[in-house]
Structures are given as structure tokens and as C-alpha cells.
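Please look at the protein model below, with its sequence beside it.

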Amino acid sequence: MDENDRNYSNGEITVRWQPAKCIHSTICYSKLRKVFDPGKRPWVNMQGASTNEIIDIVNQCPTDALTFTKDKNIQGKEVKAEVEKNEDPSAKIQIIENGPALISGNFIITDINGNKLAKANNIALCRCGKSSSMPFCDGTHNTIGFKENRE
Ligand code: FES
């Protein structure tokens, strides 16, 4: 766990935020501002929505910067995960406009020499060329006004 990682619990689930993985897709706060509000501290309010609503949004995080675990101290109460990730074993690639290429699935990524960089289920590859964590996106595309050439 990175020292900047944060955990937020509502007693049913604990949401983990790993800022190093965040590419600022805005999905969380544009879809569920009652819970995810970057203008507030703490920016995650676990009382702002139902557990299932929170799980639904967390599962839409493209890079797993947001994940959740069921709290272990709950006995007999089922927390329904309406959207399960990684049901499809094949890899999928989604190009984000003016942003990274999101790859999800079961895959291994190697460098130019064939050395394994990561075995992962969700990564974001930089397309702007400015990331300080190449080949991965670090969110820099948001600060440089990256506009891809669509001609
Ligand atoms: S695409 Fe995100 S840093 Fe380059």
C-alpha cells in the first residue's frame, strides 16, 4: 500500500483510493457527486449513497484507482456487487479521447526487450507522450491540454 492510498468505509464496504493509479477520468465524481467530491475533504463521503450505488461507480473506475472490499465484520448481510469486473477473460482496449488507452482483461505487458512490466487486469497506456511513468498514463495529459490529431 502506498502512503498516499486512502480507505473509506461505511461499515459494509471499504473503498480504497490509490491516487497513483488515478487518471482523472471523472467518472466517479461526475456520476456520483454525493459520494465522490474532489472539492471536499475527505473527498469520499461513504454516507452519500447506498452501498450498491457506490459499488457500481467503483466498478466503473477504468484503472482500479478505486476498488472496494467487503468489510469482514459483517455477518449475514449480503453486499450485492451488481457489476463484476473481469468477467470476460479476453483483453479489451478503449481509447479515451485526448487521454490514454485503457486496457482491461487478463494480459501481460512487456517492454521493448520482452521484460515483463506488469501482469494486470486494468492499465492505462499513455498516448500523449508526456507521462513521467511511461508507458503508463500518470494523468499529465489533463495538465498539458493534450489534443489528439484526429485527421
Ligand atoms: S495519456 Fe495520460 S499522461 Fe499521457
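**Overall fold**

This is a predicted model, in which local features need pLDDT of at least 70 and side-chain atom pairs count only at pLDDT 80 or more, while totals for chains, interfaces and linings use all residues. Residues are numbered from 1 along each chain as its sequence is written. The protein chain holds three helices and six strands, where helices (H or I, at least four residues) and strands (E, at least two) are DSSP runs numbered from the N terminus. Read from the N terminus, the order of the elements is β-β-α-α-β-β-β-β-α. Of its 151 residues, 21% count as buried; a residue is buried if 20 or more other C-beta atoms lie within 10 Å of its own, exposed if 12 or fewer, and partly exposed in between, with C-beta atoms placed from the backbone.

**The sheet**

An open sheet of three strands has the order E1-E2-E3, and its pairing is antiparallel; two strands pair if DSSP finds at least two bridges between them. E1 and E3 stand at the edges with a single partner strand each, so one side of each is left without a neighbour in the sheet. On average, neighbouring strands of this sheet are turned by 25° against each other, direction ignored, the axes being lines fitted to C-alpha atoms (for helices over the stretch in contact) and angles running from 0 to 180 degrees between N-to-C directions. The two pairings are set out here.

| Strand pair | Sense | Bridges |
|---|---|---|
| E1 (residues 6-9) and E2 | antiparallel | four bridges |
| E2 and E3 | antiparallel | five bridges |

Threonine 14 in E2 stands opposite serine 9, and threonine 14 also has threonine 69 in E3 as a bridge partner. The hairpin of E1 and E2 has three residues between the strands, and glycine 11 there takes a positive phi near 90°.

**Helix H2 and the cores**

H2 lies across E2 and E3 and runs at about 30° to E2. Which residues of H2 are buried? They are Thr51, Ile54, Ile55, Ile57 and Val58. Seen down the axis of H2, these buried residues fall within an arc of 165°, so they line one face of the helix; the arc is that of the directions from the helix axis to the C-beta atoms. The buried residues of H2 pack against E2, helix H1 (27-31) and E3.

The largest nonpolar core has 15 residues, and those with the most contacts inside it are Val15, Ile54, Val58 and Leu66. Such a core is a set of buried Ala, Val, Leu, Ile, Met, Phe, Trp, Tyr and Cys residues joined through C-beta atoms within 7 Å. Strand E2 (13-17), helix H2 (51-58) and strand E3 (66-70) are the elements that give two or more residues to this core, and H2 gives the most, with four residues. Not counting residues up to four places away in sequence, valine 58 touches Val15, Leu66, Thr67 and Phe68, a contact meaning that the C-beta atoms, placed from the backbone, lie within 7 Å. A second, separate core of six residues includes Ile23, Ala124, Phe136 and Cys137.

**Valine 35**

Valine 35 is found in the loop between H1 and H2, and valine 35 counts as buried because it has 23 C-beta neighbours inside 10 Å. Leaving aside neighbours within four places in sequence, valine 35 is in contact with residues including Val44, Met46, Ala49 and Ile54.

How values were computed: Contact = placed C-beta atoms within 7 Å.
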